[in-house]
Amino acid sequence: MMLLDGKVVLVTGASAGIGRAAAIGAARHGADVAINFARDQAGADDVVAAIEALGRRAIAVQGDVADPETARDFIAKAVDAFGRTDVFVNNAGICPFHAFLDMPVETFERTMRVNLHGAYFMVQAAANQMVQQGDGGAIVAVSSISALVGGEFQTHYTPTKAGVHSLMQSAAIALGRHGIRCNSVLPGTILTDINKDDLADADKRARMAARVPLGRLGEPDDLAGPIIFLASDLARYVTGAALLVDGGAFVNLQ
Ligand code: NAD
Ligand code: RM4
C-alpha cells in the first residue's frame, strides 16, 4: 500500500539518521521529496540518489535551520521543483551533551536556535505554503521521549524537545481550520550520529538498552513507519497527537 502516492514531502536535516530514513521511506510510499541539509553534501547527494533509484524525484537544499531565511528558501525551492508542499517533516536537531552547571552560553543558545527556533520558522513557512494551496496538509515534528523526561547532560536540549512537542499542539489548533494536521513523534534512543559519542560509553549504552522492553536500541528506520503514518491519510483524524517510538522505554519504570 502506497501511503504518500503523488505527494510532495519536505524533510529537514535529512542527509543522515532519522531524517534520511523518513525521506527515503516517503519515496518508497510514492512521494517526491525535498530535503534540507546543513553541510554534508555527500550525504545529501546519496539520499537524492536513493530516492531517484526508487523512481521518485528529489532535490537537496543546503541551509542552516537556525536562520529564519532558510525556511523561506527551502519551501520556495521545493515549490519551484515540485509545485507544492503536502507534508512537512521537521527533523533537524542537535544535542551537544554537556553538564548543567557550566553549560556554555553559546551551546545553550545554539541548541535553542537550531532545535526550537528552527522548528518554529520552518513549520510556519510550510504552513503558509499549505494555507495558500488551500487543500490541507500534514506536519510531523521529530520531538523526543526527552520532551517528557529529563537528562543530566541535556538540560539545554530537553526544553527544546518539549517546545517542539508543544508547538505541534498549538499549531494543530491554529491550522485545524485549514485542514492541516500537526503531530509529533517522540523517539526513544535511536542509534545515529547525534549520540554516537555519548553511547561510546559502554556502561551508558548498556543502561539505555536495558530500559527498553523490546530489547534493543532503535534504528533510524524504526521512525520511518510512524512518521509516514502520521503524514498519510490513514491518520486523517489525528492532530495534536504525540506518538512515542521508543520500544517501550518511557513506560518502563519497574
Ligand atoms: P543525526 O545527527 O543523524 O541527524 C540530525 C540531522 O540534523 C543531521 O542531518 C544534521 O546535519 C541536521 N542538522 C543539524 N543542525 C542543523 C542545522 N542547523 N540546519 C540544518 N540541519 C541541521 O541525528 P538523528 O538522531 O537522526 O536526529 C534527528 C532528530 O531526531 C533530531 O531532532 C533529534 O533531536 C531527534 N531525536 C533523536 C533521537 C536519537 O536517539 N537519535 C531521539 C529522539 C529524538
Ligand atoms: C534523544 C534521547 C536519546 C538521546 C538523543 C540524543 O532525545 O534523549 O536518549 O540519545 O536524544
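Which atom of ligand 2 is 2.8 Å from an N or O atom in the side chain of tyrosine 157? It is an oxygen atom of ligand 2. The structure is a predicted model, in which local features need pLDDT of at least 70 and side-chain atom pairs count only at pLDDT 80 or more, while totals for chains, interfaces and linings use all residues. Residues are numbered from 1 along each chain as its sequence is written, chains are lettered from A and ligands numbered from 1 in the order in which they are written, and side-chain values use heavy atoms, with hydrogens and water left out.

Ligand 1 has 29 residues around it, of which Ile18, Asn91, Tyr157, Ile190 and Thr192 come nearest. For asparagine 91, a backbone N or O atom lies 2.7 Å from an oxygen atom of ligand 1. The side chain of aspartate 64 has an N or O atom 2.8 Å from a nitrogen atom of ligand 1. For serine 15, a side-chain N or O atom is 3.5 Å from an oxygen atom of the ligand.

Helix packing was examined next. Helices (H or I, at least four residues) and strands (E, at least two) are DSSP runs, numbered from the N terminus. Axes are lines fitted to C-alpha atoms, for helices over the stretch in contact, and angles run from 0 to 180 degrees between N-to-C directions.

Helix H1 (residues 17-28) packs against helix H7 (residues 221-231) at an angle of about 55°, with the axes 8 Å apart. H1 and H7 are therefore oblique to each other (angles under 35 degrees count as roughly parallel, over 145 as roughly antiparallel, 65 to 115 as roughly perpendicular and the rest as oblique). The contact (heavy atoms within 4.5 Å) is made by Ile18, Ala21, Ala22, Gly25 and Ala26 of H1 and by Asp221, Leu223, Ala224, Ile227 and Ile228 of H7.

The axes of H1 and helix H2 (residues 41-53) come within 9 Å and cross at roughly 20°, which makes H1 roughly parallel to H2. Arg20, Ala23, Ile24 and Ala27 of H1 meet Asp46, Val47, Ala50 and Ile51 of H2.

The axes of helix H4 (residues 105-133) and helix H5 (residues 158-176) also come within 9 Å, crossing at roughly 15°. H4 is therefore roughly parallel to H5. Residues in this contact include Thr111, Met112 and Asn115 in H4 and Pro159, Thr160 and Lys161 in H5.

Key:
A residue is near a molecule or strand if one of its heavy atoms lies within 4 Å of it. A polar contact is a pair of N or O atoms within 3.5 Å; within protein, one must be able to donate a hydrogen and the other to accept it, and residues adjacent in sequence count only if both atoms are side-chain atoms.
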